[in-house]
Amino acid sequence: MIRELFEDILEHYLEDKQIYAALADKKLSSLFTFTKLEKELPAKFKEVSSLSDHYLFEGSIGKGNMAEVPHLCIFDTAITTSAQTGYYIVYLFEANMSRIYLTLEQAWTQYESKYGRINAKTEIAINTDKIRNIIRSADGFSFKRPVLNATRTLAKGYELGAICSKVYDARNLPTETELIDDLRNLVGVYKELKGLVGTNILEIDTRSKEEIFQDEIQNIVAETPPIGPIPKGYKRVNTGESWKRNGGIAAQALANAGHKCEYQSHHETFISVRSGNHFVEAHHLIPMQFQDNFKYSLDVPENIIALCPNCHRAIHYANGDVKKEMLRVFLQERREGLNKRGIKIMEDLLVEMYMKNKEFVE
């Protein structure tokens, strides 16, 4: 059905532009492709994609006049609900209707508003390169800039702001299953980027603090804290990370796990250049942001789990059932060790921490 809707839009959009030019009342809602792109396609995507309600689907053939590049946006509402701000997934129809691009896109308008049209081109290109250097899950998507064969500033902005994309030829569209699989894979990239940079794409660092931390602990001297409860450290202010994490303790936790994913030991990753071991990441089971609620330090090996990047993203962003099962397994395994550190927590409270604080920083 999605494939058929794409075919309808590709076949009739340029014809609708001619019809619209001749209309006296200039009502976009009277056009065939308005119904297909702004009504039927968003509804069908929401139905078949199985994405949660905090994703918003919005198609557009233009506002007032027909768009040079019509599109269908998919917004994570925690990031944005508008194509003018933040970053989002979008299907972009090439101006001549010969191709469709599935793209992870930065909003051009936010750059133009902040930097002016000329400087915005430089700033958005710089940020695009920064993002491409930190995301790891974009396999199957291209970093080449889309070619939309458009002339207007907004359409050119789409080309500049594209982080990664996949292109579909109008004469040979993929199957329905392939289309949905591609979308779900790009949603995974979207979630990863959200975890790395948060919601404000304009303030991205060259490398996120989290990426720097995970990189550093691959080749750092491991530290084993004394036996028993450890006094918690100090809380920093005016930083994005209130409670400091000790990289040496995290490195010890990775070593304790044999540099294997502790949720799925068969998940083998690449060999880290820095350590010579399989690359795994450190995750605090009880997040550091909740240190205020505990008498003793949470930054201890018993509270740090080694996870492959995929499982690390899952414990942050997977659906509720998957996340609850991961937490149940790990808390059961770690409860005795946590108790010896003076850390006690019930499973339902741990689950509540994750469910109510989807954007926590470790």
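Leaving aside its neighbours within four places in sequence, which residues is E68 in contact with? They are K17, A95, A150, T151, R152 and A155, where contact means heavy atoms within 4.5 Å. The structure in which this is seen is a predicted model, in which local features need pLDDT of at least 70 and side-chain atom pairs count only at pLDDT 80 or more, while totals for chains, interfaces and linings use all residues. Residues are numbered from 1 along each chain as its sequence is written, and side-chain values use heavy atoms, with hydrogens and water left out.

**Overall build**

The protein has 11 helices and 7 strands; these are DSSP runs numbered from the N terminus, a helix being H or I over at least four residues and a strand being E over at least two. Along its principal axes the C-alpha trace spans about 80 × 40 × 35 Å. Of the 362 residues, 49% are buried, a word that stands for under 20% relative accessible area, with exposed meaning over 50% and partly exposed in between (1.4 Å probe, protein chains only). Among the contacts with a separation of 6 or more, 67% join residues 24 or more positions apart.

**Helix α1 and the cores**

Helix α1 covers residues 2–22, and its 21 residues reach 29 Å from the first C-alpha to the last, close to the 30 Å expected at 1.5 Å a residue; the expected span is 1.5 Å times one less than the number of residues. The helix bends by about 45° at H12, the bend being the angle between axes fitted to the seven residues ending there and the seven starting there. Its buried residues include I2, F6 and Y13, and the buried residues of α1 pack against α2 (32–49), β3 (87–93), β4 (99–106) and α6 (176–197).

The largest nonpolar core has 70 residues, and F6, F45 and Y91 are those with the most contacts inside it. Its largest share, 10 residues, comes from α6. Such a core is a set of buried Ala, Val, Leu, Ile, Met, Phe, Trp, Tyr and Cys residues joined through side-chain atoms within 4.5 Å. A second, separate core of 27 residues includes V300, C308, L338 and L350. In soluble globular proteins, nonpolar side chains tend to be buried together.

L338 and L350 are also among the residues touched by L285, as are I305 and F330, when residues up to four places away in sequence are not counted. L285 is found in the loop between β6 (281–284) and β7 (304–307), and counts as buried because its relative accessibility is 0%.

E68 lies in the loop between β1 (55–60) and β2 (71–76), and is buried, with a relative accessible area of 12%. Although E68 and L154 are 86 residues apart in sequence, they are 9.1 Å apart in space, C-alpha to C-alpha. Q214, in helix α7 (residues 209–216), is buried with a relative accessible area of 1%. Both side chains make polar contacts with backbone nitrogens, as the table sets out. A polar contact is a pair of N or O atoms within 3.5 Å; within protein, one must be able to donate a hydrogen and the other to accept it, and residues adjacent in sequence count only if both atoms are side-chain atoms.

| Side chain | Backbone nitrogen | Distance |
|---|---|---|
| E68 | T151 | 2.8 Å |
| E68 | R152 | 2.9 Å |
| Q214 | A282 | 2.9 Å |

**Cysteines and backbone angles**

The structure holds 0 disulfides, a disulfide being a pair of cysteine sulfur atoms within 2.5 Å. The sulfur of C261 is 3.8 Å from the closest cysteine sulfur, that of C311, which is too far for a bond. C311 is likewise in no disulfide, and its nearest cysteine sulfur, in C308, is 3.6 Å away. C261 is buried at 3% relative accessibility, and C311 is buried at 4%.

Most residues other than glycine have a negative phi. S50, in the loop between α2 and β1, has a positive phi near 60°, and M97, in the loop between β3 and β4, also has a positive phi near 60°. S50 counts as exposed at 59% relative accessibility, whereas M97 is buried, with a relative accessible area of 6%.
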